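Subject: Structure for you to look at

Hello,

Please find the structure below. My notes on what was found in it follow.

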Amino acid sequence: MAKNSSEQINTVGRGLGSASAGIAYSAAVAGYLVFSLIVSIIVVAAGLTSADDAYIYISYLAAPLGIILSQPVCAKYRNTGFKNLFPVKTKAKYYLVALLLAFGLLFSVSWANTAVLKFLQLFGYEAKDSYLPDVSGWLVLPAIIVIAVIPAVCEEGLFRGVLLNNMEREAGSVNTILIIGFAFALFHASAEQTVYQFICGCALALLAVKSRSILPSMLVHFLNNAVIIIMAACGMDVSGSLFDLAPLWAAILITVLSAISFIAAAVILILDKEQLYPAQKGGVKKFFIGAAIGIVVLAVLWIAGLF
C-alpha cells in the first residue's frame with residue numbers, strides 16, 4: 001500500500017531524495033579511493049606484503065573509513081538531517097527473520113559464488129585469494145571487530161541507512177531494493193561475488209524496508225562475516241565449499257535447511273503488511289545521475305578485477 005504523496009513531498013523537501021542518495025554513494029566511493037591510496041602509501045613505506053596481518057587489517061579498514069568520513073559531510077551538504085537516515089526501533093520478529101536470512105545466505109545462497117566462479121574460469125579467469133589475518137586464540141577478537149563489526153555498522157549505515165532512507169520516497173520501495181542490491185554488489189568490485197552480493201544487497205534492503213530499522217540488517221551482515229572468521233579460527237578451510245568441510249550427509253542437510261530458511265525469511269518479508277512507497281517520476285534517474293561518478297569508478301575497478 002502506498003503512502004500519501006504529501007508525506008513524500010514534505011520529507012523530500014527537507015533534503016531527503018534520490019539525488020542525495022546518489023551523491024552519498026559517489027562520496028563513499030571517493031572516500032574509499034582516498035583511503036585505499038593512503039593504505040598503499042603505508043604498505044610501501046612499512047615494507048608490508050599481502051601476507052602480513054597489518055596489511056590485511058589496514059586493507060579491511062579502507063572502505064569503512066571512507067564511509068565514516070564521507071557521509072556526515074555529504075549529509076551536511078545536502079541538508080538531509082543525519083538522524084533521519086538511521087531508524088532503529090522495530091519489532092522483535094524482524095530479528096528472528098534476520099537469523100533465518102543470515103543462515104540462508106551463508107550456507108545456500110553463497111553457492112552462487114561457486115557457480116559464477118566456474119563460469120568465469122571458462123574464460124581464463126583466476127580466482128582471487130581471500131585473505132584473513134591470524135585468528136588463532138585471542139586474535140580472533142580483533143579480527144571479528146575489524147572484519148565483522150565495523151563493516152556491518154558502516155556498510156549497513158551507508159546502504160540500508162543513508163541510501164535507502166534518502167532514495168525510497170522518490171525512487172519507490174521496490175526500485176530502491178533493486179538499486180541498493182546493484183550498488184552494494186558493485187561497491188565490492190568482485191566479479192566472482194557479484195551475483196551473491198546482489199542477492200545479499202536486495203535481501204538486506206527488503207529486511208530494512210519491512211522492519212523500518214537498520215539493526216536487523218546489521219545483525220545479518222555481522223553474522224555472515226563473523227561465522228566465517230570463527231570457522232577459520234576453528235581450523236576450517238573457509239576457502240572451500242561446505243562439502244569440503246563436512247561429511248556428505250551433513251553438507252546436504254545444512255544446505256537444504258539453509259535454503260528453506262532463506263525461502264521462509266523471504267516469504268515472511270514479502271507478505272509483511274508494512275506499507276511501501278510508489279515510485280515518483282524521475283526518482284530513479286536522479287539517483288543514477290548523482291551516483292554516476294561512483295558507478296563509473298567502481299565499474300572500471302570491477303572490469304580490472306577480471307584480469
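Is cysteine 202 buried or exposed? Cysteine 202 is buried, at a relative accessible area of 13%; buried means under 20%, exposed over 50% and partly exposed in between, with a 1.4 Å probe and protein chains only. Cysteine 234, by contrast, is exposed, at 57%.

Before the rest, some background. This is a predicted model, in which local features need pLDDT of at least 70 and side-chain atom pairs count only at pLDDT 80 or more, while totals for chains, interfaces and linings use all residues. Residues are numbered from 1 along each chain as its sequence is written, and side-chain values use heavy atoms, with hydrogens and water left out.

The whole structure has zero disulfides, a disulfide being a pair of cysteine sulfur atoms within 2.5 Å. For cysteine 202, the closest cysteine sulfur is that of cysteine 200, and at 9.6 Å it is too far for a bond.

Next, the helices, which are DSSP runs (H or I, at least four residues) numbered from the N terminus. Alanine 232 lies in helix α9, residues 215-233, and counts as buried because its relative accessibility is 19%. Leaving aside residues up to four places away in sequence, alanine 232 touches Leu132, Val135 and Val238 (contact means heavy atoms within 4.5 Å). Serine 136 is 96 residues from alanine 232 in sequence, yet their C-alpha atoms are 8.6 Å apart.

Regards

Notes
Helix = DSSP H or I, 4+ residues; strand = E, 2+ residues; numbered from the N terminus.
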